[in-house]
Amino acid sequence: MFQLPTVQFTEEQEAFRLEVRNFLQEHVEKGTFTPKCDSWLSGADPAFSKLIGEQGWIGMTWPKKYGGHERSTIDRYILTEEFLAIGAPVAAHWFADRQTGPLLLRYGTEEQKQFFLPKIAKGECYFAIGLSEPNSGSDLASVKTRAEKVEGGWIVNGQKIWTSNAHVCHYMVTLVRTSPFDGKNKHAGLSQLIIDLHAKGVTIAPIKFLTGEHHFNEVFFDDVFVPDDMVVGEIGNGWEQGLAELAFERSGPERILSTFPLLDELIQELKRQRNKEGLKQATKLLSQLWGLRNLSIGVAQLLESGNAKDVAIPASLVKAIGTKFEQSIPEIARLLVTTYPKLDAERKFDRYMAQSILHSPGFTIRGGTTEILFGMVAKGVVAR
Amino acid sequence: MFQLPTVQFTEEQEAFRLEVRNFLQEHVEKGTFTPKCDSWLSGADPAFSKLIGEQGWIGMTWPKKYGGHERSTIDRYILTEEFLAIGAPVAAHWFADRQTGPLLLRYGTEEQKQFFLPKIAKGECYFAIGLSEPNSGSDLASVKTRAEKVEGGWIVNGQKIWTSNAHVCHYMVTLVRTSPFDGKNKHAGLSQLIIDLHAKGVTIAPIKFLTGEHHFNEVFFDDVFVPDDMVVGEIGNGWEQGLAELAFERSGPERILSTFPLLDELIQELKRQRNKEGLKQATKLLSQLWGLRNLSIGVAQLLESGNAKDVAIPASLVKAIGTKFEQSIPEIARLLVTTYPKLDAERKFDRYMAQSILHSPGFTIRGGTTEILFGMVAKGVVAR
Amino acid sequence: MSEMKDMILEVAERMLADRVTKDVVDVLEKGDWAKDIWTLFKENGMVDVALSEEHGGAGGDLDDLLNLVRLTGKYAAPIPFAETTFANLLLETANLAAVDKIATYSLQEGLILQDDRISGTLQNVPWARYANYLVAFVKSNLGVQVALIDLGDVTIKPSCNLASEPRDTVILNNASATLSSVLSEEQILHVQSIETAFKIALMTGAIEKINDLSVQYSKEREQFGRPIHRFQLVQLQIAQLAGETAIAIAAFNNVCAAILANNYLHEIAYARIRFEDAITTVATVSHQLHAAIGTTHEYALHQYTRRLWSWRDEGTNCDFWSEHIADYLLNHDGKLWPYITKTAETVKS
Amino acid sequence: MSEMKDMILEVAERMLADRVTKDVVDVLEKGDWAKDIWTLFKENGMVDVALSEEHGGAGGDLDDLLNLVRLTGKYAAPIPFAETTFANLLLETANLAAVDKIATYSLQEGLILQDDRISGTLQNVPWARYANYLVAFVKSNLGVQVALIDLGDVTIKPSCNLASEPRDTVILNNASATLSSVLSEEQILHVQSIETAFKIALMTGAIEKINDLSVQYSKEREQFGRPIHRFQLVQLQIAQLAGETAIAIAAFNNVCAAILANNYLHEIAYARIRFEDAITTVATVSHQLHAAIGTTHEYALHQYTRRLWSWRDEGTNCDFWSEHIADYLLNHDGKLWPYITKTAETVKS
């Protein structure tokens with residue numbers, strides 16, 4: 001169960017990587033964006049997302065007829081790595097590109113695909129993911145937001161929480177209960193609806209992050225009407241569809257590279273200081289990155305070849321171990337280079353330290369806690 | 001619940017420490033024993049135990065009328081630290097001194113005290129502890145060894161396992177089931193009997209340690225007769241008595257210092273090599289030792305003042321964290337000093353490394369696994 | 001431990017528990033501070049604890065003061081208490097008169113004394129914008145002296161640490177000052193160790209509070225139909241927090257005892273080094289236990305974790321003490337055990 | 001990856017699984033070894049895999065050989081397979097003819113060449129007492145050469161590593177040898193990396209086996225009335241082992257792929273550095289999962305953990321590679337990301 005393909009990038013892939021890298025570097029120099037750590041969650045910049053859409057870098061693997069570019073999973077992997085490594089503000093279109101697109105391609109109606117996918121690919125249409133609710137935490141099946149059938153659609157009441165960037169998004173794929181809760185089969189009766197976040201009855205309230213920044217939201221639904229054509233897949237199949245959606249988000253480079261800009265600066269500082277002993281110790285971090293990247297790319301390649309059923313265990317491992325790695329970088333970096341972490345520091349190293357430290361508690365929580373992931377891995381391993 | 005007394009050793013105590021230290025050093029030089037790591041479990045040497053008994057260093061805190069010396073818990077603490085720090089072979093009398101003595105003083109009959117305690121204090125009578133059984137593991141209440149009442153005593157049948165040094169011991173305090181198992185109250189119906197290990201029907205079979213050494217045993221009871229006067233405390237009260245016994249073994253220096261000889265050699269090597277960077281890193285280990293020692297001495301002082309009910313949580317913490325510390329020493333030491341660990345190496349450092357690595361798996365298992373201890377701590381903390 | 005200790009501490013804890021709510025701590029983020037709590041501390045003589053009587057002290061030993069500092073850490077009190085009281089101790093060590101207003105301090109290098117005037121820039125000076133005085137090390141060709149500087153007409157650029165506590169840039173340009181005589185190396189080390197003891201006190205308080213919050217949360221929060229403290233992995237987290245808390249408190253208490261016994265240097269050094277692990281573990285584990293709620297501004301956990309993340313890189317830090325101990329070991333013969341047990345060899349210094 | 005790979009590996013795994021029982025591994029502790037398995041490997045041509053045809057090779061690439069080595073690690077086969085095959089590769093690199101009997105090797109410094117005769121003492125030479133030949137680095141004033149030494153009349157003092165594998169002292173006193181020409185620095189580094197790849201293969205096999213044993217045990221062992229894999233803390237252990245196993249296997253496979261692509265140095269270096277953590281975690285966690293039973297001689301776990309504890313300190317180790325990478329980083333300009341992705345800058349060397 002641990003045998004993953006190895007990947008040697010082709011010359012075309014290397015060239016594509018350099019193309020992306022040069023483009024991003026150019027825009028850093030132009031001042032289009034300022035690199036920072038954890039930019040895929042905290043850096044929402046619609047103008048930048050449109051720019052990326054213009055490049056053809058959203059919906060890269062999707063069919064051309066829906067505005068996609070029919071490139072490989074590995075190309076998309078390379079693109080994502082480059083965004084994260086430089087710390088580009090990709091948060092606005094992130095979830096639509098990573099989760100909503102694949103979800104609609106798999107379960108959406110032809111009309112939904114034609115309507116949403118091209119807009120997403122242009123970087124003009126952003127989706128939030130509506131899973132968690134107050135008190136649901138890791139127990140996603142305990143969803144209480146309910147949709148009642150009415151003529152031509154559904155009336156939704158309830159509340160979602162921890163919704164990343166809902167305040168800049170246009171729609172939310174929302175997990176709702178369409179039949180009453182059944183204690184014996186908690187996963188039955190759930191469905192996914194696309195809710196227009198500007199519809200009547202939708203209220204978005206910010207949840208300030210511990211730094212005071214605004215990434216998360218509470219989203220309230222008060223008799224919100226959702227037309228029938230905004231149902232994703234089948235009524236009652238929401239749990240299974242949601243799980244499939246989650247598989248796409250587990251093993252990507254965003255579980256390894258959230259604090260990469262800091263790691264880069266660490267190595268640069270050590271080189272500037274000619275600190276060989278420090279570099280020797282830093283090779284441990286590099287070896288962890290190296291190992292996780294092998295694993296993560298192997299999973300991407302396995303997904304490319306369509307062999308999705310063997311992916312669950314290694315994908316969960318990438319996330320569980322990768323996010324701990326991201327979290328450990330500031331803790332180790334400060335032992336090797338003297339620092340006073342400050343959000344407004346002049347020295348990049350101190351600034352990235354501050355960003356990394358303050359954001360790191362979220363790494364091992366978002367998208368499934370380490371504890372939940374380890375439990376899933378163990379159950380998967382034992383079941384073999 | 002975390003407020004422990006602080007201890008500043010008195011001049012008399014400092015003098016006693018030096019007395020012990022000089023005595024042990026002298027005997028190392030004479031060749032009476034060769035220091036090694038984990039000597040309190042693996043170094044059983046009856047001749048050395050007799051020598052210690054002659055010094056008045058067994059049963060130190062017990063009443064004089066039973067061969068004890070009426071010294072303080074802190075004196076005994078100091079003595080134990082010195083044994084462990086130098087790596088002296090105290091395993092033969094260890095359990096009798098640490099557990100059986102206090103158990104008999106608390107629950108034993110006058111006859112038992114008069115018969116056993118003076119012999120123990122002379123270093124001539126050794127006790128094994130009979131708790132674990134095959135398949136019982138951490139679930140001690142699942143004891144199956146049974147004692148049936150007969151005229152004048154009990155007939156014991158069953159089996160104990162992991163019994164340290166039973167092959168050099170004279171007796172075993174044995175937890176047995178004296179009434180049938182009651183699923184609703186697993187802890188009822190257990191009793192403690194002193195079993196003569198040379199009695200008819202007792203068979204002792206070695207369980208070789210992974211190094212091939214012989215510390216552990218299986219002990220089989222086949223219709224072994226135990227006279228009534230060998231019952232400890234009350235029939236049916238064995239669980240409670242056993243728990244009280246365990247409290248004495250949780251927080252002692254043997255949960256911190258099992259690999260101290262290696263730590264000592266590590267610092268000596270680094271000093272010899274004038275390796276300041278290595279010493280800086282080693283201060284982390286020293287700070288852990290320092291912190292644990294404060295905690296452990298605080299618990300000893302609390303026991304001295306008779307305030308035993310607040311002791312459970314910090315005592316479990318000492319063992320859980322201390323044994324992980326012992327286990328970490330070889331892992332960190334090898335990063336600071338180049339080594340080829342070998343049991344027969346010429347260099348002490350390599351020898352202590354080998355002893356520490358090979359013995360370390362046992363540290364966090366014996367006397368209650370880390371997992372069980374952490375669970376007990378959490379339950380204790382939450383119950384407050 | 002002085003007899004008044006229990007009383008003072010009880011009063012102080014009651015004041016802090018009653019008044020320093022989450023919102024009060026937040027005022028720092030709005031560029032304000034808790035003047036009323038400062039006034040209360042001042043009126044109750046707490047700012048003068050442990051100062052000698054000739055310097056206007058209110059009695060009490062240094063360990064009483066450290067326990068008060070621990071309480072301000074436990075409640076994240078947004079007042080310059082540790083700063084003012086330490087600045088006064090620093091003045092006292094240098095045989096200068098204590099001050100009666102808000103003071104801050106800096107032990108950084110960076111100030112130069114020339115012709116009795118002081119110039120230089122200090123980064124990250126705590127509370128400078130609100131302080132009347134700065135007590136700082138200054139360097140001349142004679143050595144290190146302590147200077148008492150009036151902050152009245154000095155350029156101060158506000159900034160803050162990860163916890164939004166004021167950490168300002170102070171720019172001195174030929175400033176006048178009251179100067180002490182030159183400090184001995186021993187005096188400098190004494191000052192550095194006591195500063196470290198203050199940080200240990202603050203950190204101990206914050207760790208205690210994080211532990212309290214976490215245990216409480218584990219009882220209140222339910223998942224999969226039961227309180228989360230019933231899950232083994234949460235029990236592991238609770239136990240890890242308990243362990244670090246127990247070790248921190250024992251370390252702090254032993255630091256206090258060692259200061260009273262006047263044999264404190266190594267006790268402080270090892271406590272401070274040990275706190276590095278404590279901080280990483282406590283911050284990581286408590287956030288993981290709290291999951292999403294702990295990352296919100298609304299919940300109080302971050303007020304303590306952000307302070308720990310800030311304090312560990314401020315002042316006389318772990319690296320200083322590792323270096324000091326490594327030097328000590330290199331320059332002293334003998335085996336490790338006599339040193340650990342403070343016998344045979346003395347570790348006074 | 002050659003086409004014969006699957007077949008060879010299947011045959012080899014069947015042979016090892018059938019014959020290398022716990023008792024067979026134990027023979028080392030009795031001063032014996034598994035001659036019959038060696039003979040079987042020899043007869044099946046496995047000892048000659050990856051040797052070039054001119055040297056009597058049986059075909060197959062180096063990654064086939066490394067996968068065979070991984071299998072001998074997975075079954076702790078008590079035969080000098082890795083040693084003999086590596087010794088032959090070393091001869092081949094040095095343009096010397098491969099040997100057909102048991103060989104061992106040493107890359108240590110310590111042998112001096114003078115007047116075509118070799119003197120010096122080598123510690124911890126694997127399997128020397130059973131080997132016919134030693135292939136070793138020797139130093140002369142020209143540089144480093146490879147020497148093929150007949151062990152027939154050489155003094156050998158038996159000793160062993162933590163896993164009871166033969167690690168003998170070899171004392172050479174004016175011994176005669178077949179000598180290669182002087183190796184380039186690049187050749188030496190090549191030899192060191194391939195030796196490291198052999199260790200990575202062995203370690204990967206042992207880690208796989210430990211993972212298998214642990215998962216199996218977690219299903220069989222019951223506590224408090226249920227199999228222990230049902231407890232969250234055991235699940236955590238299982239997941240940690242799975243993680244390290246997955247990373248080890250991926251690292252090994254990428255090392256093989258990189259060797260075939262002839263761009264392997266950094267891949268091997270990072271894999272080897274990463275294995276330090278893998279070993280500590282795998283050994284600690286697997287023993288904790290097994291509790292008491294895992295510390296007994298009777299249960300097989302220690303046959304693998306003791307090997308991991310031994311192998312990590314043998315040969316071209318983690319420290320060598322950290323040092324090498326640190327030097328590389330110091331001496332090459334540029335940012336980290338192009339280096340990690342092997343673009344823009346090349347990391348061939």
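**Walking across the interfaces**

Between chain A and chain D there are 20 residue pairs in polar contact (both at pLDDT 80 or more). A polar contact here is a pair of N or O atoms within 3.5 Å; within protein, one has to be able to donate a hydrogen and the other to accept it, and residues adjacent in sequence count only if both atoms are side-chain atoms. Keep in mind that this is a predicted model, where local features need pLDDT of at least 70 and side-chain atom pairs count only at pLDDT 80 or more, while totals for chains, interfaces and linings use all residues. As for bookkeeping, residues are numbered from 1 along each chain as its sequence is written, chains are lettered from A and ligands numbered from 1 in the order in which they are written, and side-chain values use heavy atoms, with hydrogens and water left out.

Let's stay with chains A and D. Chain A brings 46 residues to the contact and chain D brings 50 residues, contact meaning heavy atoms within 4.5 Å. Together they bury about 4,400 Å², with carbon and sulfur atoms giving 66% of that. On the chain A side, A:Phe2, A:Trp290 and A:Val382 lose the most area to chain D, together 17% of what that side buries. Buried area is the accessible area (1.4 Å probe) that two parts lose on being put together, summed over both.

Charge pairs turn up here too: six salt bridges cross the interface of chain A and chain D. The rule asks for a side-chain nitrogen of Lys or Arg within 4 Å of a carboxyl oxygen of Asp or Glu. One to click on is A:Lys284 with D:Asp277, whose closest N and O atoms are 3.5 Å apart. Which elements of chain A each supply at least two residues of the side that touches chain D? They are helix 1 (11-30), helix 4 (73-86), helix 8 (260-272), helix 9 (276-304), helix 10 (312-336) and helix 12 (370-383) of chain A. Helix 9 of chain A gives the most, with 15 residues. Split by class, that side of chain A has 22 nonpolar, 10 polar and 14 charged residues. For the classes, Ala, Val, Leu, Ile, Met, Phe, Trp, Tyr, Cys and Pro count as nonpolar, Asp, Glu, Lys and Arg as charged, and the others, Gly among them, as polar. Helices (H or I, at least four residues) and strands (E, at least two) are DSSP runs, numbered from the N terminus.

Now over to chains C and B. This contact takes 50 residues from chain C and 46 residues from chain B. The two chains bury about 4,400 Å² between them, 66% of it on carbon and sulfur atoms. C:Leu330, C:Leu336 and C:Trp337 supply 18% of the area that chain C buries against chain B, more than any other three residues. There are 20 residue pairs in polar contact between chain C and chain B (both at pLDDT 80 or more), and six salt bridges. In one of those salt bridges, the side chains of B:Asp264 and C:Lys335 meet at 3.1 Å, N to O. Two or more residues of the chain C side come from each of helix 6 (185-220), helix 7 (232-260), helix 8 (265-290), helix 10 (318-331) and helix 11 (336-340) of chain C. Helix 7 of chain C has the largest share, 16 residues. By class, this side of chain C divides into 24 nonpolar, 15 polar and 11 charged residues.

Next, look inside chain C. Its domain assignment, automatic or from a database, gives domain 1 (1-79), domain 2 (99-183) and domain 3 (185-346). The C-alpha centres of domains 2 and 3 of chain C lie 29 Å apart. Where they touch, 12 residues of domain 2 of chain C are in contact with 14 residues of domain 3 of chain C, and the two bury about 1,100 Å², 56% of it on carbon and sulfur atoms. Two salt bridges link domain 2 of chain C and domain 3 of chain C. Elsewhere on the list of charge pairs, C:Arg167 and C:Glu314 meet in a salt bridge at 2.9 Å, N to O.

Over all chains, the structure holds 76 salt bridges. One pairs C:Glu276 with A:Arg334 (2.9 Å, N to O). C:Glu276 lies in helix 8 of chain C and A:Arg334 in helix 10 of chain A, so this pair joins two chains.
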